[in-house]
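Please read these notes with the structure open beside them. They are numbered so that each can be checked on its own.

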Amino acid sequence: MSNLYQALGFPIGSEQELLDWIMRAAEHGDPVEAPGVDYLRWQAGGGVELWVQVREDGGIVGVEPHLDGQARMRVALTARIREDDAPAGQGSLHGWADPSDEADPETGLYPFVFSVPDFRTCDGLALPAVKDVRLAALAYELEAFPSEEAYLAGQSGELKYAPESFIPAGLFTTDPEGTPRPEAMFTGRVLQAERRVNTASGGAFVWARVRTLGGEVEVAADPAIVRGEVVPGGIVTGSFWMTGRIGAAMPAAQLH
C-alpha cells in the first residue's frame, strides 16, 4: 500500500523526509490568505501540490497533498467536517454526487467526503451549495484492466461492481462518534492516462482522468502499487484518499 506522497511522486519513506519536503514547500510556496490561517501553495509539477498551513508568526501547523487538474464532479455540499485535534486550516467537506435537484442534496447519487487543502478559504460558502469540484483521488491500491470485458471477467465472488461505481468507504465507521474520513473505493473508465513526473522530486507517478459514477476524477498512483497497465478505454478500480478544491483551476499548460 502506498502513502499519499508516494502517489504524487515524492519518495517519502520517513517522517524526516516528509519534514524536509514540507520545509521546501514552505520556502517556495505562494501565499493564499484565509480566515484565521494562511496557506502556502507549492506547485511541484505535473499538477502536484503541497498546501502548507502556517500561523501568523510563520510557524508550520500542517500540510495537505493535492493533485490539481481539469476533471470535474458536480457536488451538493452539505457540511464541513473537522477532527477535534486537526490543525486550524485542515478539514473536509461532505456532499452528494451529481444531484438531480439542486434544492435537495439527497437527490445525489451517493454521499461522500473529500479533504479540502485550502479548507478555510471556503468559510464564506453558505451550505448547502451545489458546486463543480475539481476532485482527485490519491491511490492506496490500484488495479487496471485493458477493457470493460477484461474487468468483468476478472471479478470473482458473489458481489460484483459495475464499471462505474463508487463506495464512500470513509462514511462507514463502527464508532458512532467517529469523524467521517475522505476515503473511497471506486471503479471507473479511463478517459486519459499517462506517466507524469513530479519535477521537484524527479519521481514519476501514474496519472489518469477517470469517469466514475457521478462525474470525473483525476487519479494519481505510485507506479510500484499499480497492478496491470492503465490505458485509455480501460477500467481502473482501487481504494483512494479523496481531495478536492472549489476555487480557481490551474491553467492546463502548467500541468505537465
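**Notes on the chain**

1. The radius of gyration of the chain is 18 Å, and a compact globule of 256 residues would have one near 18 Å, so the two agree. This radius is taken over C-alpha atoms, and the globule rule is 2.2 Å times the number of residues to the power 0.38. Along the principal axes, the C-alpha atoms fill a box of roughly 55 × 45 × 40 Å.

2. This is a predicted model, in which local features need pLDDT of at least 70 and side-chain atom pairs count only at pLDDT 80 or more, while totals for chains, interfaces and linings use all residues. Residues are numbered from 1 along each chain as its sequence is written, and side-chain values use heavy atoms, with hydrogens and water left out.

3. The secondary structure comes to two helices and 14 strands. Both kinds of element are DSSP runs numbered from the N terminus: helices are H or I with at least four residues, and strands are E with at least two. Of the contacts between residues at least 6 apart in sequence, 65% join residues at least 24 apart; contact means heavy atoms within 4.5 Å.

4. Buried residues make up 51% of the 256 residues. The terms are set by relative accessible area: buried is under 20%, exposed is over 50%, and partly exposed is in between (1.4 Å probe, protein chains only). The chain exposes about 11600 Å², with carbon and sulfur atoms supplying 50% of it. Such areas come from the Shrake-Rupley method with a 1.4 Å probe, and for residues only the protein chains shown count as cover.

5. Arg 245 is found in strand β14, residues 235-245. Is Arg 245 buried or exposed? Arg 245 counts as buried, because its relative accessibility is 7%. Its side chain and that of Asp 118 are joined by a polar contact of 3.1 Å. A polar contact is a pair of N or O atoms within 3.5 Å; within protein, one must be able to donate a hydrogen and the other to accept it, and residues adjacent in sequence count only if both atoms are side-chain atoms. Leaving out residues up to four places away in sequence, Arg 245 touches several others, including Arg 41, Asp 68 and Asp 132.

6. Ser 115 lies in strand β7 and counts as buried at 2% relative accessibility. Which side chain does the side chain of Ser 115 meet in a polar contact? The partner is Glu 64, at 2.9 Å. Ser 115 and Met 242 are 127 residues apart in sequence, yet their C-alpha atoms are 6.1 Å apart in space.

7. Ala 136 is in strand β8 and is buried, with a relative accessible area of 0%. Beyond residues up to four places away in sequence, Ala 136 touches Met 242 and Trp 241, among others. Ser 115 also touches Met 242 and Trp 241.

8. Two backbone details deserve a look. The peptide bond from Leu 127 to Pro 128 is cis, with omega near 0 degrees, and Pro 128 is found in the loop between β7 (111-116) and β8 (129-145). Asp 98, in the loop between β6 (91-97) and β7, has a positive phi near 50 degrees. Most residues other than glycine have a negative phi, and most peptide bonds are trans. Asp 98 counts as partly exposed, at 33% relative accessibility.
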